[in-house]
Amino acid sequence: MRREHWGSQLGFILAVAGSAIGLANIWRFPYVTGSHGGAAFILIYLICLIFIGIPAFIAEITIGRKAQQNPSGAFLLLGRSNAWGWVGKCTVLTGFIVSAFYSAVAGWILGYFVEAVGGSLIHFETHAQANAHYQTLIETPWWGISFHALFLFVCVLILYLGVKSGIERFNKILMPLLFAILIILVLKGFAMPNSIQSLSFLLKPDWSMITPAAFLVALGQSFFTLSIGQGTLVTYGSYLSKKENIITSTLIITLMDTSVSLFSSLAVFTIVFAVGIAPDQGPSLIFNTFPLVFSQIAGGYFLSVMFFALVLVAAITSEISALEPAIAYLCDAWKWKRHQAVIACGFASFLLGVPCALSLSVLKDVHLLGDRNVLETFMFLCSNILIPIGGFAAVVLLGWRYGIKDSFEEINYGTHDHFIKNSFLQTYLKVCFRYVSPLLIVVVFLQAIGIFG
Ligand code: PHE
């Protein structure tokens, strides 16, 4: 069967941006920036992006487009050995594990969206009340499982329709919606009292916070947010034709992704500080602090619905991209029909996600790998181990195994030879693929698994 392709460069850009822009931008970035030195953290984040994130991103899309196959087949083809094929399979597995825990968390978001629409997030007077509401929901096993199932069901429907009529079409609708909601929230945030002062929390550089640990957080953030190391970019790249320009697409997508992180931070901090509440981290930022804030400001109902709609839309477009590598693998390697593969992957992802959805209720006393609950264990395995391995493999594959010359020939398609004529860009990519990115990933990886103590 002929491989399906994106209908246009815009379709491809919005689909990959949809994958990239997710919970990591709206939920995690504001907090980690605030707690790791503000502008100083943004600076090291940008360094990670330039020397590791962007090269790995380009490498993965290039591998996909060259091979026109799922990650397993693509790594096998370009790496010319079974070992490389297994590395590709490992990235498919990573994406699949991400899809499972991501959906469990997104299910809670969907549940909160329903709460917001029903008007139950605007009646809290204290943090304790908001927290009690959260605890009641999160400790009800069926609440988490039903919304995890419902969220996955929506994603499966989109995937079922195919690459162009499903993924591309829905990203073309959902991404503009996401930007519109974000702009409304940022404008609302700036209209709040103390908005300018509250930005100092975000933007005041605290250079003492630039530690190896902060680098680790910045690298992890850049990989996760750009969907690197999880088979997604290779798969989305495999639906890309030679006419499209990988370099400009990458620039536009990383710019969109970074702007959404920054604008989300602006919205989060101006809104939270307007009522003088300190931003919390993790689930409590979204599920406790925000409802308390919505209860105390004018237009809280509208804001609560808008906010959870924003996070939900971002999560849907990311979730479908985490499932697509496994679907592409089943279709390419096992010759399954797309609809069979979509249903099987959706169902398997649901099953694997159930323990995550229960990690704060029935399974809250189960601790693995140190003191982590089930959800945290999945996240740790993916972010600290599997994703760095996937990103490392992609740059090494192009830099050392497939070869710089052939890689550059592939990247050059669609650039009207601008790439081949640009020696600066070539030197940058060559040095990054071969030396800078792999070395930095190894150092950060060893740090992450505690080799340096
Ligand atoms: N990039 C997504 C985010 O920022 C996470 C993700 C990665 C989702 C890979 C799917 C695949 O939240």
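The space that the ligand takes is the largest cavity. A cavity here is a set of points, on a 1 Å grid over the protein atoms alone, where a 1.4 Å probe fits but cannot get out. A molecule sits in one if more than half of its atoms lie within 2 Å of its grid points.

Some ground rules. This is a predicted model: local features need pLDDT of at least 70, side-chain atom pairs count only at pLDDT 80 or more, and totals for chains, interfaces and linings use all residues. Residues are numbered from 1 along each chain as its sequence is written, and side-chain values use heavy atoms, with hydrogens and water left out.

Now the shell. How many residues surround the ligand? There are 15, and the closest are Ala 20, Leu 23, Tyr 102, Phe 224 and Gln 230. To count as near, a residue needs a heavy atom within 4 Å of the molecule. The shell divides into 6 nonpolar residues, 9 polar and no charged. Nonpolar means Ala, Val, Leu, Ile, Met, Phe, Trp, Tyr, Cys and Pro; charged means Asp, Glu, Lys and Arg; the others, Gly among them, are polar.

Which helices supply at least two shell residues each? They are α1 (9-20), α2 (23-35), α10 (212-225) and α14 (300-333). Helices are DSSP runs, H or I, of at least four residues, numbered from the N terminus.

On to polar contacts, meaning pairs of N or O atoms within 3.5 Å. A ligand oxygen is 2.6 Å from a side-chain N or O atom of Tyr 102. A ligand nitrogen is 3.1 Å from a polar backbone atom of Thr 225. A ligand nitrogen is also 3.2 Å from a side-chain N or O atom of Ser 227. The protein covers 100% of the 320 Å² of accessible area that the ligand has on its own. Those areas come from the Shrake-Rupley method with a 1.4 Å probe.

Last, two other positions. Ala 59 is in helix α3 (residues 39-67). Is Ala 59 buried or exposed? Ala 59 is buried, because its relative accessible area is 0%; buried means under 20%, exposed over 50%, and partly exposed in between, with a 1.4 Å probe and protein chains only.

Val 442 belongs to helix α19 (residues 423-448). Val 442 is partly exposed, at 34% relative accessible area.

Conventions:
A polar contact is a pair of N or O atoms within 3.5 Å; within protein, one must be able to donate a hydrogen and the other to accept it, and residues adjacent in sequence count only if both atoms are side-chain atoms. On a 1 Å grid over the protein atoms alone, a cavity is a set of points where a 1.4 Å probe fits but cannot get out, and a pocket is an open set with protein on both sides within 12 Å along at least five of seven lines; lining residues have an atom within 4 Å of a point.
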